[in-house]
Amino acid sequence: MASHAKSWLLEHETAREMLERVQTERPFLLLPPLHRVPIRVGNVVELAGPSSSSKTHILIQAAITCILPKQWNGVSYGGLGHSAMFIDLDCRFDISRFSELLNHRIMEAAFGHVCLGSSSKVGCHKMGSEAQFARMKHENEELFELCMKRFLYTRCYDSSEFLATLKTLHYRLQKEREAHGLNVHLLLIDSIGAFHWLDRSSSSFSLEGDNRKSWHLQNVSEAVVQEIRRLLLVHPMLVMATKAVALGNKYSTNELTRSYGKWPAADNQYSRNVTSTDRKLPYREYMPAVWQSFVTHRILVRATDDDSVNDEHPNNSVFLLEWLMPPVNSLDKFTVTDTGVFILS
């Protein structure tokens, strides 16, 4: 493996440049509901939850935060100004939805900036609609195009394509860095268990271009983890992966609240690999052990079954977010609307 890593090192790179490139100490800033625990480049965050529990929406919000600039033309957008790579294994990604959410974030920040120059809502509306509307529209379109160039997307239909994508991803990211001068800081996988049951039902299959070797469920997972590790050596990124799970019937909101007092305190060393043996998972784990040990942070999202909470938000679904690893003694409620994901007080 060391020889592979050496072959991926960039040519004509000084030690100082290499250290700056692989710097992983600064926390990776993400918006709520992923704000409870400091997440750093090099971490592997797993978002587990049943179908229709907003897992993909959370990935989209993280991607938009990554590709938006921190500031542009004097307007603060609160982004990271880097590229994001989205690997769609679920094959249901909606680019129109992504574009709408990105446009909303851009317009919201731009209009808020215009309002800062006005002392009243009437003046704010007047400035935004008359004096600066044409200019703001042009700048918004220019920024939207810039951000979309930072969003890299690929779709895979089986494990063979997924492995082939990971094996060649280094060269694609290298070309993107050379073309745009930006590193990819976020690798998004939706969803990591998409092909698990198909692979499990198959005795073996051949990887494209490698018919000499038969691939089975265990060594497919080992190869996936190995390829991602290799990528992180030369392209330091935060990895976020969704995983569909089926929750037990006894896993209710009230039971979850009562069990908080029994949980151990969260470890301060968030960047290390931790295990979830302190408490039983509320779902049956099906991913191989090699993937489970690769995950550094695990989050559970699900729709709430609290009628009082749902009654307060009749027009939107309300979800719960729980940190399983490291365990955090709090439960976040959030809702997904046409304009994004929002935390509830």
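Analyst: Start with a term. Helices here are DSSP runs of H or I with at least four residues, numbered from the N terminus. A cavity is a set of grid points where a 1.4 Å probe fits but cannot get out. The model is predicted.

Now the largest cavity. About 160 Å³ of space lies in it. Its lining has 16 residues. Nearest the centre of this cavity lie Ile192, Val220, Ser221, Val224 and Met287. Which helix gives the most to this lining? That is α9, with 5 residues. The helix α9 spans 217-234. Two other helices, α7 (159-180) and α8 (196-201), each supply at least two residues. By class, the lining of the largest cavity has 11 nonpolar, 4 polar and 1 charged.

The search of the whole structure finds 3 cavities of 30 Å³ or more.

Then comes the largest pocket. About 420 Å³ of space lies there. The pocket is lined by 18 residues, and Ser52, Thr56, Asp90, Arg92 and Asp190 lie nearest its centre. Both α3 (55-67) and β11 (238-244) supply at least two lining residues. The most come from α3, with 4. This lining divides into 3 nonpolar, 9 polar and 6 charged residues.

Definitions and conventions:
Residues numbered from 1 in each chain as written. Predicted model: local features only at pLDDT ≥ 70, side-chain atom pairs only at ≥ 80, totals over all residues. Heavy atoms only, no water. 1 Å grid on protein atoms, 1.4 Å probe; cavity = no way out; pocket = protein on both sides within 12 Å on 5 of 7 lines; lining within 4 Å. Points joined across faces, edges and corners; volume = space filled by probe spheres on them. Nonpolar A, V, L, I, M, F, W, Y, C, P; charged D, E, K, R; others polar.
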